[in-house]
Amino acid sequence: MKGKEILHRLVQMIFTLLGVTFLTFALTYIAPGDPVEMILEVGDTIIPKEVIEATRKELGLDQPFHVQYVRWLGGLLTGDMGMSYSARVPVAQKLMEALPGTIALAGSSLFIMMIIALPLGIISALHRNSIIDNVIRAVTFVGISMPSFWVGLVLLYIFGLQLGWFPIAGGEVEFRRMVLPAVTLAIPMAAKYTRQVRTALLEELNQDYVMGARARGIPMSRVLWHHILPNACLPLITLLGLTIGWLLGGSAVIEMVFGWPGLGKLAVHAIEMRDYPLVMGFVLWIAVFYMVINLIIDCSYHYLDPRIRKGTR
């Protein structure tokens, strides 16, 4: 991509982020429930109305919508994402504390997915409509159909409770605690990507350049690794980028099932506590992730596909 195109995309990202912040702030503003009551609630103790009003004024929640939004947006422009209602610490600090767990889980699940999906997808495409292909397609259909939270519970019961190989509850970012949630995330992703790899390879296998290379006596392995796979990977990059954005946003269901300290679990806790600054920070975080990853994908297309550089596609 040229400098002007990148600048144009950055300007679009800024306006999109403004729209995301406004919409999210509006939804949290009209959402049912009082965050002040959630903060002050202690058992069955009745909180005096004066205390509630004083706390609401301290947090600025007594101001009109536009005043609250402009104040929050002004702080955001200076790097201040606000203060968490429940934790009483800066939102950016809470997000940074949860980010390492999410990055570790996302990276490990992507690695497991790749070492499963690529070989199976290639084998399935090269043996189209054979017994091997039918078995792989059946297995991937089952993998896509199984709910991830159910897979997680089954893995916890078998490998955590019955066999005792892995801890059944999270708490810290360490390898043994990460195995089961990473595998749980990787199973449906591997099933989906196996089918995508198969489809992309079959499309390339039917191209004229493959038949020409085979007619010239070039070994199929060389054609596969030097021509078919590079071309087939291009349409998979976009899907992979969206998957990375989803994983870095935090897989809330899996993180809750395994008690994994990541962004998804943090977001669920923030919603339960009506911690709106933390919810806003989380949504903004996800939006930035997706936009940056999409920009990287577009730039990678420019360098991976010569037709785009030459303007012929």
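User: What makes Asn-129 count as buried or exposed?

Analyst: The model is a predicted one. In it, Asn-129 has a relative accessible area of 54%. The label "exposed" requires a value over 50%, so Asn-129 is exposed. This residue is placed in the loop between H5 and helix H6 (131-145). Its phi is positive, about 65°, although Asn-129 is not a glycine.

User: Why is Thr-24 called buried, and where is it found?

Analyst: Thr-24 belongs to helix H1 (residues 3-30). Its relative accessible area is 12%, and buried means under 20%; Thr-24 therefore counts as buried. Leaving aside neighbours within four places in sequence, Thr-24 is in contact with Met-280 and Val-283. Thr-24 and Val-283 are 259 residues apart in sequence, yet their C-alpha atoms are 7.6 Å apart.

User: How do you know whether Val-223 is buried or exposed?

Analyst: The relative accessibility of Val-223 is 0%. Because the limit for buried is under 20%, Val-223 qualifies as buried. This residue lies in helix H10. Not counting residues up to four places away in sequence, Val-223 touches Val-210, Ala-213, Ile-218 and Ile-228. From Tyr-209, which is 14 residues away along the chain, Val-223 is separated by 9.5 Å between C-alpha atoms.

User: What makes the buried residues of H3 line one face of the helix?

Analyst: In helix H3 (residues 49-59), the buried residues are Ile-52, Thr-55, Arg-56 and Leu-59. Viewed down the axis of H3, they fall within an arc of 100°, so they line one face of the helix. An α-helix has 3.6 residues a turn, so residues three or four places apart point the same way. On the other side of H3, Glu-50, Lys-57 and Glu-58 are exposed. Just after H3 comes Gly-60, with a positive phi of about 80°.

User: Which residues have the most contacts inside the largest nonpolar core?

Analyst: They are Leu-95, Met-113 and Leu-263, in a core of 48 residues. Among the elements that give two or more residues to this core are helix H4 (65-77), helix H5 (91-126), helix H8 (175-205) and helix H13 (276-304). A second, separate core has 16 residues, including Ile-122, Leu-205, Ala-213 and Ile-228. In soluble globular proteins, nonpolar side chains tend to be buried together.

User: What is Met-113 in contact with, apart from its neighbours within four places in sequence?

Analyst: Met-113 is in contact with Ala-186, Met-189, Ala-190, Tyr-193 and Leu-240. A contact requires heavy atoms within 4.5 Å.

User: What describes the packing of H5 and H8?

Analyst: Two packed helices are described by the angle between their axes and the distance between the axes. For H5 and H8 the angle is about 35°, and the axes are 6 Å apart. The crossing of H5 past H8 is right-handed. By class, the contact of H5 with H8 has 25 nonpolar, 5 polar and 1 charged residues.

User: How many helices and strands does the protein chain have, and what is known of it as a whole?

Analyst: The protein chain has 14 helices and 0 strands. Its C-alpha trace spans about 85 × 60 × 30 Å along the principal axes. Of its 313 residues, 39% count as buried. Among contacts with a separation of 6 or more, 72% involve residues 24 or more positions apart.

Conventions. Residues numbered from 1 in each chain as written. Predicted model: local features only at pLDDT ≥ 70, side-chain atom pairs only at ≥ 80, totals over all residues. Heavy atoms only, no water. Core = buried A, V, L, I, M, F, W, Y, C linked by side-chain atoms within 4.5 Å. Buried < 20%, exposed > 50% of the residue type's maximum accessible area, 1.4 Å probe, protein only. Helix = DSSP H or I, 4+ residues; strand = E, 2+ residues; numbered from the N terminus. Arc of directions from axis to C-beta. Axes fitted to C-alpha atoms, helices over the stretch in contact; angles between N-to-C directions. Left-handed = near helix turned anticlockwise from the far one by under 90°. Nonpolar A, V, L, I, M, F, W, Y, C, P; charged D, E, K, R; others polar.
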